[in-house]
Amino acid sequence: MSHAALPLPAVPEPARESAAPAPSLAIWPGSTTPLVDDDLAIGGVPLTELADRFGTPAYVLDEDEVRRRCRAYLRAFPDTDVYYAAKAFLCRAMAHWVQEEGLGLDVCSAGELELAVTTGFPPDRIVLHGNAKSPEDLRAALRLGVGRIVIDSTSEIARLAAAIPAGNRQKVLIRVVPGIAAGGHAKIRTGTDGQKFGLSLADGSAQHAVTRVLGQPRLQLVGLHCHLGSQITTVKPYLSAVRRLVGLLARIHEQYGITLPELDLGGGHGIAYRPGEPALDIVGLGAKIRSELAGGCAAAGLPVPRLAIEPGRAIAGPAGVVLYRVLAVKQTGGHTFVAVDGGMSDNPRPALYGVRYAPRLIGRRSAAVAQPVTVVGRHCEAGDILATDVRLPGDIRPGDLLAVPAAGAYHLSMASGYNLVGRPPVVAVTGGHARLLVRRESLADIRGRDVGV
């Protein structure tokens, strides 16, 4: 989300408080500072220095920006359980930061769960999701003692109950599909019927699941859950979801005489990827959701349930920047293509969703007139495009360094081994220092997995 939409705590270092970012830096981490020769510093560390030290491609994560955004959510949503959605980006340091800032964690696999718990994250502050949880996922969740498991299908109910040891109970929520279309692309809209997630409100599946769960003594139904989709930039869909879920809470109370104490509205909070794009105002969202929830519950004669939300992209996304080195420049068919040393293996989002970014030349001052170009990756796919119709200096050339903001979410977490190029490293910056969080995947790593000879 943009700086205007998300008020952030002051950064303690005076040098970073001296001036607001220029408009062209609005979607960059809050610590971003212009330097000579059109370089930029993040967390007090020049990006050219990071490229020289760690190579390219490389992901840079501003620790202070992550922490500021965690705190901003806690301010915007008081008396709410805020769970960081690990699928956006997870490493041990990220788990440590969000735990220190008072957030819980939303995970989708035994892998994410094990990494978090072995880092020291308290399992009772973790929620496990998944439309098709494997036996390993459920065994790990029960063995480690996760706080909540979100039921996503009726077939999962008996399977989960059978895995719980006698005498134990597992707290669960039921994921409800409220029939609301919201999100930046059809492939990331999950609040409508006809997709793989959740249990439909319209066809009665959600209410049937409630009956099934209540019939399992080893399951403790504590609330409802819904997730409308991703990259949502308006408040209205969330308010519609609140109204429909409060209606279901009222029917459950009427039919079974029970009051469910929790309501999880998921995440999907949109951010700006290019200057001028909209971002969700979380301060307004928090106030309006609380008002809608209080009013709806009062009208239904219900106590207000404990609210939970699950932001991921809105915390990690604006805190990350990716660095690429230009490998080739080609003019063909009336277009200029600027090829870099990364691409769809470290960021598949443009190929999947048509997402557009705003790369910037850094480390070299150019007087050349900006020209429209297409920034492409190095992979053997015509769809390996990182940014279309962006303006870069007309003298862009091999060896130049490009930096792309808003790169902290759903890049490395969705990375692949395509063309065996190896996944980039992740570097944290804060207080003028940089440290490696995740090392670059090497050819030795790739060879070590291949045992077929």
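Buried means under 20% relative accessible area, exposed means over 50%, and partly exposed lies in between (1.4 Å probe, protein chains only). The model shown here is predicted: local features need pLDDT of at least 70, side-chain atom pairs count only at pLDDT 80 or more, and totals for chains, interfaces and linings use all residues. Residues are numbered from 1 along each chain as its sequence is written, and side-chain values use heavy atoms, with hydrogens and water left out.

**View 1. Glu-101 and Arg-67 form a buried salt bridge.**
A salt bridge is a side-chain nitrogen of Lys or Arg within 4 Å of a carboxyl oxygen of Asp or Glu. In this pair the closest N and O atoms are 2.8 Å apart. Glu-101 sits in the loop between helix H4 (92-100) and strand S6 (104-107), while Arg-67 belongs to helix H3 (residues 63-76). The two residues are 34 apart, and their pair links distant parts of the chain. Helices (H or I, at least four residues) and strands (E, at least two) are DSSP runs, numbered from the N terminus.

**View 2. Asp-52 and Arg-325 meet in a salt bridge.**
How many salt bridges does the rule give? The count comes to 21. In this one, the N to O distance is 3.9 Å. Asp-52 lies in helix H2 (residues 47-54) and Arg-325 in strand S14 (residues 320-332), so the pair ties together parts that are 273 residues apart in sequence. Asp-52 is exposed, with a relative accessible area of 64%. Arg-325 is partly exposed, at 24% relative accessibility.

Arg-274 is partly exposed, at 25% relative accessibility. Glu-277 is also partly exposed, with a relative accessible area of 27%.

**View 3. Two aromatic pairs are found in the structure.**
A pair of aromatic rings is described by the distance of the centres and the angle of the planes. Rings of Phe, Tyr and Trp (its six-membered ring) pair if their centres lie within 6.5 Å; planes under 30 degrees apart count as stacked, over 60 as edge-to-face, and the rest as tilted. Tyr-73 and Phe-77 have ring centres 6.2 Å apart and planes at 20 degrees, so this pair is stacked. Both Tyr-73 and Phe-77 are buried. For Tyr-273 and Tyr-357, the centres are 5.3 Å apart and the planes are at 80 degrees, so this pair is edge-to-face. Tyr-273 lies in the loop between strand S12 (262-264) and helix H10 (282-300), and Tyr-357 in the loop between helix H12 (349-353) and strand S16 (360-362), so the pair ties together parts that are 84 residues apart in sequence. Tyr-273 and Tyr-357 are both buried.

**View 4. Val-355 is a buried loop residue.**
Val-355 has its place in the loop between H12 and S16. Its relative accessible area is 16%. The C-alpha atoms of Val-355 and Ile-385 are separated by 9.7 Å, and the two residues are 30 apart along the chain.

**View 5. Strands S20 and S21 form a hairpin.**
Two strands pair if DSSP finds at least two bridges between them. Strand S20 (residues 426-430) and S21 pair in the antiparallel sense over five bridges. Val-426 has Val-438 in S21 as its bridge partner. Two residues lie between the strands, and Gly-431 in the turn has a positive phi of about 55 degrees.

**View 6. Three strands form an open sheet.**
The order is S1-S2-S3, and the pairing is antiparallel. Strand S1 (33-34) and strand S3 (45-46) are the edge strands, each pairing on one side only. S1 and strand S2 (residues 40-42) pair over two bridges. The bridge partner of Pro-34 in S2 is Leu-40.
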